Amino acid sequence: SSYSLTLTGGNITISNNVSYITPEELGVVNVPIGHVTGARSVSGSFTCYLTRDDSTFDSTRSRDFFEDLRNLTSVVTNNVGLTFNVGGTTTNTRRLEIDFGTAHVEIPTHSIEDVISLETNFQALPSSIDGTNEMTLKYKV
């Protein structure tokens, strides 16, 4: 299925997991002599309103997104494509497109406060075990 959600918030975290090599010496201020880059991880979350508009038949609402993920009982790993269009989707508008070709999406949690909202966590995955294509940034001018 494909969903078109209007987001109210979110974050994306990119970590290279850098570890510094620092010798330990007594009586000396320890200074790193090098570093090692670990495995990159890209993760984040997004929030949207929980919508239920029955005026038209449309299966791209956040309610359908929540119900479809909740009903996945026989799938161990879900691989979905996520695309965030920061600034809209209009063709002649400047915007940033963040594309996660393969991502693992957790079941959304809901929050009931002034409005009912959904928060969904995700982890971006490369297309292969040695791949480095977790995320693609496109600047649309």
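Predicted model: local features only at pLDDT ≥ 70, side-chain atom pairs only at ≥ 80, totals over all residues.
Okay, let's start with the strands. β6 covers residues 95–105, and it pairs antiparallel with β5, residues 80–86, over six bridges. In that pairing, Leu 82 sits opposite Phe 100 of β6. Then there's β9, residues 136–140, also antiparallel to β6, with five bridges; there you'll find Leu 96 facing Tyr 139. And β8, residues 116–125, joins β6 through four bridges, again in the antiparallel sense. Over there Val 105 stands opposite Phe 122.

Now, the rings. How many aromatic pairs does the structure hold? Seven. I'll show you two of them.

One is Tyr 3 with Phe 65: edge-to-face, 5.3 Å centre to centre, with 75 degrees between the planes. Tyr 3 is in the segment before β1, while Phe 65 belongs to helix α1, residues 62–70, so you're looking at partners 62 residues apart. Buried or exposed, what about Phe 65? Its relative accessible area is 9%, so it counts as buried, whereas Tyr 3, at 26%, is partly exposed.

The other is Phe 84 with Phe 100, edge-to-face as well, at 5.8 Å between centres and 75 degrees between planes. Phe 84 lies in β5 and Phe 100 in β6, so this contact ties together parts 16 residues apart in sequence.

Key
Residues numbered from 1 in each chain as written. Heavy atoms only, no water. Pairing = 2+ DSSP bridges. Helix = DSSP H or I, 4+ residues; strand = E, 2+ residues; numbered from the N terminus. Phe/Tyr/Trp six-rings, centres within 6.5 Å; stacked < 30°, edge-to-face > 60°. Buried < 20%, exposed > 50% of the residue type's maximum accessible area, 1.4 Å probe, protein only.
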